[in-house]
Amino acid sequence: MAWVILIAAGVLEAVWAAALAASEGFRRKRPASLFVVALAASMAGLAYAMTELPTGTAYAVWVGVGATLTVVWAMVTRRERASTARIVLLLLLVACVVGLKVVS
């Protein structure tokens, strides 16, 4: 169950990162509110997962999932350019996250 919560917390990390960007320096209330809620839930999920998983592994997976989804979202919404190099590097990041799960 800790792994499921950790992955969900990583997804919420991407949500709060996107909401933070959309809040335009906290000037827009809805994205700013979403940022606060998603941040709190993401941290709570990470904290729970760290009670059952090694700290380094949990943190690396949380960051990996969040960073990957944040970049993918930016590419889908065309805020960042998708390139072959970026996609290959993201696939390597995902492979590393899966590898951490396999060896844990």
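**Loops, helices and cut-offs**

Student: Phe-26 lies in the loop between H1 and H2. What makes a stretch a helix here, with a number such as H1?

Tutor: Helices are DSSP runs of H or I with at least four residues (strands are E runs of at least two), and the numbering starts at the N terminus. Keep in mind that this is a predicted model, where local features need pLDDT of at least 70, side-chain atom pairs count only at pLDDT 80 or more, and totals for chains, interfaces and linings use all residues. Residues are numbered from 1 along each chain as its sequence is written, and side-chain values use heavy atoms, with hydrogens and water left out.

Student: How confident is the prediction, and where is confidence lowest or highest?

Tutor: On pLDDT, the predictor's per-residue confidence from 0 to 100, the protein chain averages 95, and 100% of the residues score at least 70. Helix H4 (residues 84-103) has the lowest mean, 92, whereas H2 has the highest, 98.

Student: Back to Phe-26. Why is it called partly exposed?

Tutor: Buried means under 20% relative accessible area, exposed means over 50%, and partly exposed is in between (1.4 Å probe, protein chains only). Phe-26 comes out at 48% relative accessibility, so it counts as partly exposed. Its backbone is worth a look too: phi is near 65°, a positive value in a residue other than glycine.

Student: Which class does Glu-24 get, and what is its phi?

Tutor: Glu-24 has 41% relative accessibility, so partly exposed applies. Its phi is positive as well, about 50°, although Glu-24 is not a glycine. You'll find Glu-24 in the loop between helix H1 (2-22) and H2.

Student: And Ser-23: buried or exposed?

Tutor: Ser-23 has 0% relative accessibility, so it is buried. Ser-23 is in the H1-H2 loop. Contact means heavy atoms within 4.5 Å, and, skipping neighbours within four places in sequence, Ser-23 has contacts with Arg-28, Pro-31 and Ala-32.

Student: Now the helices. How do you know how H1 and H2 are oriented to each other?

Tutor: The angle tells you: H1 and H2 pack at about 155°, with their axes 7 Å apart. Axes are lines fitted to C-alpha atoms, for helices over the stretch in contact, and angles run from 0 to 180 degrees between N-to-C directions. Under 35 degrees is roughly parallel, over 145 roughly antiparallel, 65 to 115 roughly perpendicular, and the rest oblique. H1 and H2 are therefore roughly antiparallel. Their crossing is left-handed, the label used if the near helix is turned anticlockwise from the far one by less than a right angle; clockwise gives right-handed.

Student: What makes up the H1-H2 contact, by class?

Tutor: The contact of H1 with H2 has 19 nonpolar, two polar and one charged residues. Nonpolar covers Ala, Val, Leu, Ile, Met, Phe, Trp, Tyr, Cys and Pro, charged covers Asp, Glu, Lys and Arg, and the others, Gly among them, are polar.

Student: What about H2 and H3: how do you know their orientation?

Tutor: Helix H2 (residues 29-49) and helix H3 (residues 55-76) pack at about 150°, with their axes 10 Å apart. That makes H2 roughly antiparallel to H3. The crossing is right-handed. Ser-42, Met-43 and Leu-46 in H2 meet Ala-58, Tyr-59 and Trp-62 in H3. Those contact residues divide into five nonpolar, one polar and no charged.

Student: Why are H1 and H3 called oblique?

Tutor: The axes of H1 and H3 cross at roughly 40° and come within 8 Å. H1 and H3 are therefore oblique to each other. H1 passes H3 in a right-handed crossing.

Student: One more pair. Why do Glu-13 and Thr-57 get the class buried?

Tutor: Glu-13 has 13% relative accessibility, so it counts as buried, and Thr-57 is buried with 14%. Glu-13 lies in helix H1; leaving aside neighbours within four places in sequence, its contacts are Ser-42, Trp-62, Val-63, Gly-66 and Ala-67. Thr-57 sits in helix H3, and with those sequence neighbours left aside, Thr-57 is in contact with Trp-3, Leu-100 and Ser-104.
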